[in-house]
Number of protein chains: 2
Amino acid sequence: MWGHTRSAETARHDRSLHEPEVEEISNVIGAYIARIRDLEGDKRVRYVLIFKNHGEGAGAHTISHSISQLVALPVTPRAVKTKLMIARGYFALKERCIYCDVIEQELKSRKRLIAENENFVVFAPFASRFPFEMAVFPKFHSSAFSRIGATQGNNLALILRDVLQKLDQKVGGPSYNLSLHDRPFLRPRGDYWNTIEEDFHWHIEILPQVTRITGFEWASGFFYNPVAPEVAARCLSLEPPSE
Amino acid sequence: MWGHTRSAETARHDRSLHEPEVEEISNVIGAYIARIRDLEGDKRVRYVLIFKNHGEGAGAHTISHSISQLVALPVTPRAVKTKLMIARGYFALKERCIYCDVIEQELKSRKRLIAENENFVVFAPFASRFPFEMAVFPKFHSSAFSRIGATQGNNLALILRDVLQKLDQKVGGPSYNLSLHDRPFLRPRGDYWNTIEEDFHWHIEILPQVTRITGFEWASGFFYNPVAPEVAARCLSLEPPSE
């Protein structure tokens with residue numbers, strides 16, 4: 001890791017990401033897009049990681065103002081590679097994006113749906129690792145976050161403010177980790193695949209930290225989650241989901 | 001997960017694993033060995049996970065008495081599989097156990113050494129994910145925890161009490177997760193390998209929870225650890241390591 005940027009998200013120090021105006025979140029999104037596009041020109045960078053730690057339980061040290069962080073990495077992280085491999089395998093088999101299929105299912109069943117607007121959808125993942133875990137996906141297929149337009153960026157800001165407000169109001173303002181899961185920069189390399197733009201779908205994970213990880217999770221890689229995603233979605237939704 | 005056992009580790013409720021007498025720890029080890037050997041006869045079980053959560057920061061809910069837990073699983077967990085794959089790959093390449101090679105290096109350099117007795121060694125792993133992380137290994141090659149003898153079990157109890165006491169005294173009694181990393185039960189299966197008894201080496205991981213995991217760790221699978229293992233080993237050792 002050699003590049004590291006922290007962005008204050010609001011001029012006010014006592015606000016968090018879900019408290020500022022939509023315009024402020026939209027500005028942060030715009031700033032990250034500009035930063036990624038700039039880093040894409042730097043051959044040393046293979047992956048850009050954007051994350052936000054909110055609250056002490058999420059490892060945030062700064063409580064006086066809301067920040068998020070961008071780390072430029074010379075490698076694609078293992079956790080990202082695992083996702084990419086699974087997406088590629090599914091695409092090779094079905095010739096469809098696995099995430100597009102998941103989104104279609106979630107929009108159809110609506111059991112785990114938390115929020116939706118013209119461009120984005122937020123749901124509690126079927127295999128949620130954490131109580132009230134949320135996944136934010138663009139409804140349109142896109143492998144790269146930095147390719148979204150101004151209206152889409154504004155709709156992302158709207159839905160992020162909405163679900164973080166819900167988390168705050170319905171679950172009592174827990175600590176959370178938020179992170180962007182993007183495709184790596186496309187550098188020409190022999191062992192690289194050319195379906196990545198079709199098989200991967202960028203998204204944002206929001207992992208509330210209301211419980212602690214135990215030796216069971218560390219030793220197994222399995223997660224014990226006492227709150228079913230359907231229950232989490234119902235808690236977080238303003239209206240009960242239609243069933 | 002369908003089998004789950006909790007073992008109270010001492011008759012006294014106000015004691016933790018490092019407070020009881022060595023004989024009490026030795027009894028817990030003996031009980032787990034008997035339980036594993038019994039479960040080995042049950043065809044539905046593929047893997048036995050033993051872990052202990054100490055303190056609130058490690059997800060322990062019970063503070064009135066010290067417990068550890070055993071979970072019998074019908075599958076080999078992903079985290080275990082990753083380790084097994086790496087060990088098998090190394091063995092295929094070098095015809096040596098990767099862990100035996102690491103142990104030999106650690107015993108030779110002594111920079112990350114925390115404790116040692118006739119049968120066991122404890123060191124701060126070179127790529128420690130957490131401050132004061134410890135790895136407990138039998139010095140003799142062995143793929144299965146349940147195959148240790150009475151003297152070895154007693155030496156394991158001795159070294160566990162020693163290093164957990166050190167963690168308590170030198171680092172101020174942090175929360176920690178302790179887990180056994182054992183080989184799965186050997187069931188005849190076409191895709192299974194026959195070098196597992198030679199290529200894998202059981203061990204115990206002790207992961208103190210003095211910092212919190214952030215969005216960076218969740219999104220990347222990389223760990224940011226502000227305490228170098230050499231510094232951790234020096235802190236935990238009673239005598240400074242010879243250099």
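**Chains A and B in questions and answers**

In chain A, of the contacts between residues at least 6 apart in sequence, 75% join residues at least 24 apart; two residues are in contact if their C-beta atoms, placed from the backbone, lie within 7 Å. The model is predicted, so local features need pLDDT of at least 70 and side-chain atom pairs count only at pLDDT 80 or more, while totals for chains, interfaces and linings use all residues. Residues are numbered from 1 along each chain as its sequence is written, and chains are lettered from A and ligands numbered from 1 in the order in which they are written.

Student: What does the secondary structure of chain A come to?

Tutor: Helices (H or I, at least four residues) and strands (E, at least two) are DSSP runs, numbered from the N terminus. On that basis, the count for chain A is seven helices and eight strands.

Student: Which element gives the most to the side of chain A that touches chain B?

Tutor: In the interface, 28 residues of chain A are in contact with 28 residues of chain B. The elements of chain A that give two or more residues to this side are strand E2 (47–54), helix H2 (78–94), strand E7 (176–181) and helix H6 (215–220). With five residues, the element that gives the most is H6(A).

Student: At what angle do the axes of H1 and H4 of chain B cross?

Tutor: Two packed helices are described by the angle between their axes and the distance between the axes. Axes are lines fitted to C-alpha atoms, for helices over the stretch in contact, and angles run from 0 to 180 degrees between N-to-C directions. The axes of H1(B) (residues 22–39) and H4(B) (residues 150–171) come within 8 Å, and they cross at roughly 125°.

Student: Which word describes H1(B) relative to H4(B)?

Tutor: Angles under 35 degrees count as roughly parallel, over 145 as roughly antiparallel, 65 to 115 as roughly perpendicular and the rest as oblique. The crossing angle is roughly 125°. That makes H1(B), relative to H4(B), oblique.

Student: Where does E6(B) have its three bridges in the antiparallel sense?

Tutor: Two strands pair if DSSP finds at least two bridges between them. Strand E5 (residues 120–123) of chain B is joined to E6(B) by four bridges and runs antiparallel to it; Phe120(B) has Pro138(B) as its bridge partner. Met134(B) stands opposite Ile206(B) in E8(B). The three antiparallel bridges join E6(B) to strand E8 (residues 203–208) of chain B.

Student: Is Phe132(B) buried or exposed?

Tutor: A residue is buried if 20 or more other C-beta atoms lie within 10 Å of its own, exposed if 12 or fewer, and partly exposed in between, with C-beta atoms placed from the backbone. Phe132(B) is found in the loop between E5 and E6 of chain B, and its phi is near 70°, a positive value in a residue other than glycine. With 26 C-beta neighbours inside 10 Å, Phe132(B) counts as buried.

Student: How does Arg110(A) count, with 14 C-beta neighbours inside 10 Å?

Tutor: Arg110(A) is in the loop between helix H3 (98–109) and strand E4 (113–116) of chain A. Its phi is positive, about 60°, although it is not a glycine. With 14 C-beta neighbours inside 10 Å, Arg110(A) counts as partly exposed.
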